[in-house]
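Subject: Handover of a structure and findings

Dear colleague,

Please find below the structure that I am handing over to you. The findings follow it, arranged by region.

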Amino acid sequence: MSKKLGKPPPPAAAVQEEGREELFASCSFADLGLHPTLCAHLQDKMGFQAPTRIQAQAIPVAMSGQHMLVKAATGTGKTLAYLAPIVHLLQMREPRVDRTHGTFALVLVPTRELCLQVYGIAQQLVHRFHWIVPGYVMGGENRAKEKARLRKGISILIATPGRLLDHLQHTASFVYSNLRWIVFDEADSILELGFGKAVEDILEHLGSRNGAPDQNKNKGEHIQRQNLLLSATLNEKVNRLAKISLKNPVMIGLDDQKKPSGKSNKLGNSHTSLLSDDEDDGILEKQNDILEHAVDDFKLPAQLVQRYVKVSCGSRLAVLLTILKSLFERQISQKVVIFLSTCDSVDFHYTVLSQLEWSSGSQLDKDKKQKFLSCKVFRLHGNMEQDDRKKSFLGFGSEKSAILVSTDVAARGLDFPKVKYIIQYDSPGEASEYVHRVGRTARIGEKGEALLFLQPIELDYLKDLESHGVSLTEYPFQKVLDSFPVNGQKPHKRKMISLDMHPWIMSLQRSLEGFVAAEDATKKLARDAFCSWVRAYTAHRGELKKIFMVKKLHLGHVAKSFGLKEQPSLVGRSHQVQLKKRKKEQKRERPAKRRKLPSKK
Ligand SMILES: Nc1ncnc2c1ncn2[C@@H]1O[C@H](COP(=O)(O)OP(=O)(O)OP(=O)(O)O)[C@@H](O)[C@H]1O
């Protein structure tokens with residue numbers, strides 16, 4: 001969990017070392033009872049010398065056949081915590097696992113990219129057990145080809161919920177009568193993304209819902225079913241999923257939350273077992289209590305540096321570009337993920353970051369334009385063609401130095417190697433999403449930094465994060481800014497001037513506006529991005545609506561942050577309604593003062 005404001009931060013190296021010590025267990029994979037071939041593979045081929053603490057806690061529980069609920073920080077190795085025991089138990093099965101036996105383990109994930117990633121890890125783990133076949137089904141893929149693969153038999157199936165349900169309903173040759181494990185990876189997100197109904201239907205189909213008929217019982221055989229739920233964050237929806245799908249689960253990573261006294265099993269304090277209680281009602285009550293208390297507080301990697309930068313709306317893009325330039329000048333090899341709120345906004349910013357050219361400013365160089373950022377830029381969002389999505393995901397993963405501009409589709413579970421910097425250019429909203437976004441860096445004990453952009457009117461968001469145990473310090477942007485030359489000259493002591501009036505920012509803003517105005521296609525990208533951004537801003541929920549208030553926005557300044565000199569009209573009914581509402585609210589709040597209303601074009 002992050003440190004609270006006020007305490008002086010310990011040196012970075014010490015924090016990283018402490019982080020590593022906290023991360024790894026003092027036992028070996030063999031001590032956990034995993035098959036020697038699997039242990040050798042983990043060590044020699046995958047380079048995993050020892051299990052992480054969460055793996056050391058979860059693997060024995062998963063091997064014991066009990067239901068399990070795991071809450072552990074991002075990048076602590078939860079994937080292996082469920083896949084290793086599954087592979088271990090499958091390789092020792094008698095008679096030997098065969099494709100005609102169908103699916104034994106089902107892993108549900110919220111996004112296609114995570115599906116591919118988990119599939120990749122499963123492939124590595126079964127390398128020495130060729131008779132165990134991993135496979136995946138997910139939205140965007142060819143159904144007929146998936147049907148053919150399911151017909152042949154997939155022992156460990158990774159799936160997104162919608163497509164899985166589709167196959168359960170329509171692929172008669174899909175054999176799942178031997179299903180033993182159902183894993184919900186990123187359990188809260190699966191439910192957040194509107195898959196709730198699909199998940200309930202899936203559990204109904206598989207007979208894995210508490211109280212649902214067990215298909216296997218009808219056939220006279222009983223297969224012990226084991227459901228595993230994992231995430232770095234939990235919410236009320238997981239609580240519900242846990243209630244309907246887990247019976248007497250062992251809870252891991254929830255024991256440091258405020259909770260009622262529960263008996264722990266033989267692994268001591270490392271996890272909480274509710275199995276030994278006699279009364280079913282009592283068990284359920286305790287389970288619910290623990291879950292409810294686990295919702296609010298989040299764990300973040302100890303070595304993660306978290307900061308925010310306060311930027312007025314109109315200068316946001318110029319500031320983002322400046323920070324990126326400074327990062328890549330400081331260290332040529334950088335991997336940065338930038339999170340934005342909408343697909344259109346990703347497309348626009350991707351175009352700016354990858355194509356913006358500029359002359360460095362000195363009189364001699366005036367005509368010699370060069371790329372503002374010289375690194376590779378990738379984009380990722382849910383409206384892209386599946387092939388392009390795959391290319392971006394794989395491309396960014398394999399680059400040593402690059403920027404990925406993405407919506408929250410990249411926020412969950414993705415494990416891009418060597419990402420050092422996360423920029424949340426648009427706020428994540430829910431604190432849980434903040435946790436997952438920043439979790440794309442500082443993984444498995446590595447160093448990492450996260451930067452959150454906030455407008456002065458949004459600073460209350462810091463309090464919201466703090467109420468979840470997440471504390472940020474301010475990023476020294478002025479220092480970064482002063483390191484850039486203006487009119488070809490390195491700065492000497494400058495007078496304190498506002499950010500918007502700073503010559504570097506003004507000059508960059510002019511370049512941006514020129515770049516956007518130069519091509520109709522770019523202008524359209526900017527306008528679409530602007531509209532979708534405003535729409536997303538209005539969509540904040542609950543308490544956050546009081547922080548991210550659309551009526552406090554100056555839409556002309558928002559337009560400026562998309563390189564637009566004029567504010568585009570917010571066409572479409574919902575925009576018009578929103579605008580009317582905004583005008584009304586403004587009138588009501590300041591009856592005496594006349595305000596200039598945003599012009600329509
Ligand atoms: N025992 C280990 N030793 C070294 N590296 C490991 C070990 N276990 C897993 N890893 C590596 O740690 C990284 C993070 O693992 P993983 O993606 O499973 O984390 P996670 O806890 O699921 O994160 P998130 O919550 O973001 O999904 C991966 O690169 C993985 O290969």
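In what follows, Ala, Val, Leu, Ile, Met, Phe, Trp, Tyr, Cys and Pro count as nonpolar, Asp, Glu, Lys and Arg as charged, and the others, Gly among them, as polar. By these classes, the shell around the ligand consists of seven nonpolar, eight polar and five charged residues. Please bear in mind that the model is a predicted one.

The ligand site

Of the 20 residues around the ligand, those that come nearest are Gln 55, Gly 75, Lys 78, Thr 79 and Asp 415. Gln 55 contributes its side chain: an N or O atom there is 2.8 Å from a nitrogen atom of the ligand. Gly 75 contributes its backbone instead, with a polar atom 2.8 Å from an oxygen atom of the ligand. For Glu 186, an N or O atom of the side chain is 2.9 Å from a ligand oxygen atom. On its own, the ligand has 640 Å² of accessible area, and the protein covers 88% of it.

Is Glu 186 buried or exposed? Its relative accessibility is 6%, so it counts as buried, the cut-off being under 20%.

Strand β15 covers residues 421-424, and both of its faces are covered. In a regular strand, side chains alternate between the two faces of the sheet. In β15, Tyr 421 and Ile 423 are on one side and Ile 422 and Gln 424 on the other, and all of these are buried.

Which strands pair with β15? One is β10 (residues 335-339), which is parallel to β15 and pairs with it over four bridges. The other is β16 (residues 448-454), also joined to β15 by four bridges and running parallel. Between β15 and β16 the chain passes through helix α15 (residues 431-438), in a β-α-β crossover that is right-handed.

Strands β13 and β14

Strand β13 (residues 376-380) and strand β14 (residues 402-406) form a parallel pair over five bridges. Within this pair, Lys 376 has Ala 402 of β14 as its bridge partner. The chain goes from β13 to β14 by way of helix α14 (residues 386-398), and this β-α-β crossover is right-handed.

The loop between β14 and β15 contains Lys 418. Lys 418 is not a glycine, yet its phi is positive, at about 60°. With a relative accessible area of 56%, Lys 418 is exposed.

Helix α4 spans residues 78-91 and includes Val 87. Val 87 counts as buried because its relative accessibility is 1%. Although Val 87 and His 35 are 52 residues apart in sequence, their C-alpha atoms are 9.3 Å apart in space.

Pro 95 is placed in the loop between α4 and β2 (105-108). Where is the cis peptide bond in this part of the chain? The bond in question runs from Glu 94 to Pro 95, with omega near -10°.

Yours sincerely

Terms used
Residues numbered from 1 in each chain as written. Predicted model: local features only at pLDDT ≥ 70, side-chain atom pairs only at ≥ 80, totals over all residues. Heavy atoms only, no water. Buried < 20%, exposed > 50% of the residue type's maximum accessible area, 1.4 Å probe, protein only. Helix = DSSP H or I, 4+ residues; strand = E, 2+ residues; numbered from the N terminus. Pairing = 2+ DSSP bridges. Right-handed = clockwise from strand over helix to strand, strands pointing away. Near = heavy atom within 4 Å. Polar contact = N/O pair within 3.5 Å; in protein donor to acceptor, adjacent residues only side chain to side chain. Areas by Shrake-Rupley, 256 points an atom, 1.4 Å probe, with all protein chains shown as cover.
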